[in-house]
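I opened this entry to keep track of what I looked up, one item at a time. The structure goes in first, then my notes.

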Amino acid sequence: MRVALSWLRELVDIPESADELREILDDLGLVVEAIERVGEPLEEVVVARVDEIRPIAGADRIRLVVVDAGSGPLEIVCGATNFDVGDHVPLARVGAVLPGDVVISRRQMRGVTSNGMLCSSRELGLSDDAEGLMLLEGVQDRLGEPLHEVLEIASDVIFDISIEGNRPDAWSVMGVARDLATRLNRTLRSPRVATTHSTTMTTADVASAGIDDPYLCGRLVVSVVRGVHVGPSPVWVTRRLESAGLRPISNVVDASNLVMLEMGQPTHPYDASRVAGRTLRARRARPQERLITLDGVTRDLARAGRGLGDTGVDCVIVDGEDTVLGLAGIMGGAASEITADTTEILLEAAYFDPMTIARSSKRHGLRTEASVRFERGVDPELAPRAVARFVAILRESCPDLEWLSDPVDVRGMVPTPPTVELRRGDVERILGVSLDRDEVTRLLEGLGFSVTAGSTSLFVTAPSARLDVRHGAAGRADVVEEVARLHGYRRLARRAPSWAEPGALNSRTRLRRRVRDVAVDLGMYEVWTPTLVSDDEFDLVARGDERVRITNPLASGDSTLRATLLTGVVRAWARNVERGLGDVIVGEIGTVFTHPSRGGGRPTRGGVAGATTLSLPGEHERLTVVLGRVHDDAATAVAWWSVMADRLGLADVVVRSSDDMGGGLHPTRGAQLVDRTTGAVLGRVGEVEAELVAALVPGLRERRVGVLDLDLDVIADPARARRRDNDATVPSRYPSALLDLALVTPQSVHVQDLAWALRTASPLVESVHVFDVFRSENLPEGTRSVAFAIRLGSSERTLSDDEIRLVRESLLASAASLGATLR
Amino acid sequence: MTTSSSFDDLAERSRELLALIESAGSLDELRQSEPVLIGKRSPLAAWQKSLGSLDAAQRAEAGARLQDVRRQVQTALAHRREVLERRARDERAAQDRLDLGDVVVRSVSAPLRAGHPGLVATTQRELEDVFVAMGFTVVEGPEVETDWYNFEALNIPPAHPARGMWDTFYVDLGEPETVVLRTHTSPTQVHLMEAAVAEGTLPIHAVAPGRCFRRDTPDARHLAVFHQIEGLVVDRDVTFADMAGVIETFTRAYFGPDITSRLRPAYFPFTEPSAEFEITCTICRGAGCRTCSSTGWIELGGCGMVDPAVFEAVGIDVEHWQGFAFGFGIDRCAQMRFGIADMRALVENDVRFVGQFS
């Protein structure tokens, strides 16, 4: 909301500078987004009279104009043509500086000298009018005088204030001034208002009003104003409107707008002769009703909207024949608007239900100065005063105005201002500091609250303007906020609290940190890729799968929740490849989503009032690493994983080759990571499918790219991903025996299974490691040789040769049970 | 070759063409046969040429038959190509096969080079550590929420004008606008309080970091996807002064001893009294610069005393419990701490950028 300093100063004394005032406004929660200075005096811009206009040889777009600015003839070259000899125009003398830092100097053009510049209104920053020179009227005897003095332009400062949603009362200059007056402990002045005229007729003799739905319209005040001559507004009115960013239209509309800006009450003037029966009635719109609003758009009324619980209630104003005149509180219709011929006005000043206005405004995509105020809640008691102010303003341009007495005032339901009990200690309990009771009272009364002191409590009744103040405990918080706000947040104490409970990370955060640390130690650059992807991107690895869609994406590129990190990470790698930085490992830890119909939906409280249970998409945390260094492949990825598994303390995870790797992985160079005991799949390892690389990284088809894709939800769960035994084993003091075995092993037997069989063959086996896998035509068909380094030992003694021989036999027996024989 | 005889054996010759296609054993063979099948040297081309010499009635009839044959040949060709491509892919895959169970980890060699964590992750970690040291526990909540958690339980009923404060992505599930991508981390407050009430585990001293979404075109200062950290304290007698103290302690701990904080009134439906908190401009250290519009202060986040309406929604007795909450952008902290002019660098994922942080 734009508020002029000069306007505020009319309502409250403000000797402070603009910058000082900004600090005060900010501290009141009336946050100043921007400060604009207008009407700064223009040095060396004066009134001049045109005495002669001459063509310039060889130029048809410019002419030589001789002017007099009080000190004799001066030659100026000018391109405008909208003036004649005898007219008065603004002259920027040599040395003047115009808005935009345009410096006026003496210039030569086509052999003549220009001693300054004749200006348009826009060049002087006075309006947007750039159509020729600004023509000045009634200034014959003021040649050479500074323009800003002649035009009586006062310099001013405009504050662009952001009004918070719980300050319906602050949507007006008056509201801002009230806060300032209370904070600064100064007097708040009220604007001048009119009284009705004593006539033989009362309003009810010619007009009527009604409320059909008391929930939608809480008050409807209808006045009749006669003797109106539609024309321009006085200059002070148009200046005020312009300072607030509104365009002057006519004295009637301007007066209505000025009242709204000043007091916060929107009013709506109708041409009385165009309102059947001079009757205004507020009712609920019916299905199939339509209205052409002032902006020329045809509106279908009473249609259910998309919003949760929006059944399509519109409040409309109708005339005596039940014809819809306007969308109440939002925008009027074209049929009854004020025209140049209007002489009699019906003026509507009302209170509408904020929620109804908010829903209608959203549904019709129509936000107006009026709807913004009504949806926050206009003071239901303000209407009569606003009308009196409207008449006072309009009378300045229509001296014969007649305002019929006893405006029709119909009431529906309006909220009752709550009375909140502030018990002794309540302020301190919330703020942590106690404030003087008299100061609390003074601050609240300044804002229009009425305060009654009980024996230990203060009973605080909110003014009708403060529709944001609630009943009960919530109301107490509202009132205490007002006290704190006016007292000044910066003046409140602060204290570092402490409590007995220790701080801690949750287990998932600890796991994630561990995973990230290991990945980074192993060379991963962490990336952050989009959660929302396109349908095409989704299909790259999960073709045809049911997906979770966004109803209102910004663009088709973000229409779907990702089901994998793989495409995003490959794309991030691709971007680095394009920049010649592809010799790198990139990875992401993030959430992927599954459609609730695919199992794993999360039952969650939802619906209106949280009364139902909805099944939300499954959310799964994954680490996906793309190993893109020059020689990386599936084998590097396996090695990478083995370090990760070791550092995560996993008990025994088998790298189990699979031809069913799922989307995006190479079909024959992948494996699942399976907990041997629980069978849980912790993730997958392998290479990125060549087709996916080709799709995302053009020109890199032949490069192998390793990949590791971990399911952190499974890894976080020790019941599925078992951890190593917690008890420490002290290594034996006796020397170990080392044994190498090369076993011809059927292709179908997994190396890790064989290793496990060896490891468990005897309690004397300390560890088993694979050190070679070797294929040869000299080996039997369908086998390969697997070489193990086996460490044997006992915590009680040095093993004898016999013992070693026996262990060796049981090792071979175990191997044989899996079909593996000594080479 | 007379035109009549050539069209007479159309059926037979087309069977030969189809047989030829089926017999192609490789993509190469198929490619070599193409000129004979559909190219200039194919019978199709010859027939096409001879159509001209027929009279109108015959031409229409022969043309239709020819068209039919052409379609059959093309379909067969495409089908065969697909079969052979799949076969070739399978063969390549079979040749390429690597049994990952046989990988001998100890013999894999790979270059040694440090990686780098993402800036957001690093920042989040530091923030978590600061709050853990102050006695907060770290918790997390989901990214897809119902209207109840994201809005209504936070005292933002449907159609409330305050909803305009958040540009919301709606998820296409169930009734319209019932499921959202969370627009802030505040719904985690509701989950925390509901759980604490259900399990009888009040008080709460928690922070909840996480990813949030706003339907907003990204620019230098905002991303549509971003990270926030939310704080919630519910205890017997915590006050606004405690909240201001927590924010001040955090500010100095994270940004350094010469950076301080201050509060100014604001509106959030789920807190009352509410405040925005500002910190000393980290660029000019309070002297005034372009970043802070010469005020010396930068807005960081929002905070306030938990609104009694929120307590009521989750079933916490306002006569016995009181609380405060705060929230601010993790990405924004990183931006201010490291002087990142354009936030979009965070999602560019250029390793030269990531590599600067550890």
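Before counting anything, I wrote down the rule that two strands pair if DSSP finds at least two bridges between them. The model is a predicted one.

Entry 1, a pair of strands. I looked up β40(A) and β41(A), the latter covering residues 783–792 of chain A, and found 8 bridges joining them. The two strands run antiparallel. I also looked up one residue, A:V773, and its bridge partner in β41(A) is A:V786.

Entry 2, the whole sheet. In what order do the 4 strands lie? I read the order as β40-β41-β39-β42 in chain A, an open sheet with antiparallel pairing. Its edge strands are β40 (765–774) and β42 (821–822) of chain A, each pairing on one side only.

Helix α20 of chain A, residues 751–759, lies across β39 (737–746), β40 and β41 of chain A. I noted an angle of about 150 degrees between α20 and β40(A). Helix α21 of chain A, residues 801–817, packs on the sheet and touches β39, β40, β41 and β42 of chain A. The direction of α21 makes about 20 degrees with that of β39(A).

I found 97 residues of chain B in contact with 114 residues of chain A. Helix α9 of chain B (residues 240–255) gives the largest share of chain B's side, 8 residues. Sorted by class, that side of chain B has 56 nonpolar, 16 polar and 25 charged residues.

Chain B is divided into domain 1 (3–94) and domain 2 (119–354). The centres of these two domains of chain B, taken over C-alpha atoms, are separated by 68 Å.

Methods. Residues numbered from 1 in each chain as written. Chains lettered and ligands numbered in written order. Predicted model: local features only at pLDDT ≥ 70, side-chain atom pairs only at ≥ 80, totals over all residues. Contact = placed C-beta atoms within 7 Å. Axes fitted to C-alpha atoms, helices over the stretch in contact; angles between N-to-C directions. Nonpolar A, V, L, I, M, F, W, Y, C, P; charged D, E, K, R; others polar. Domains from an automatic or database assignment.
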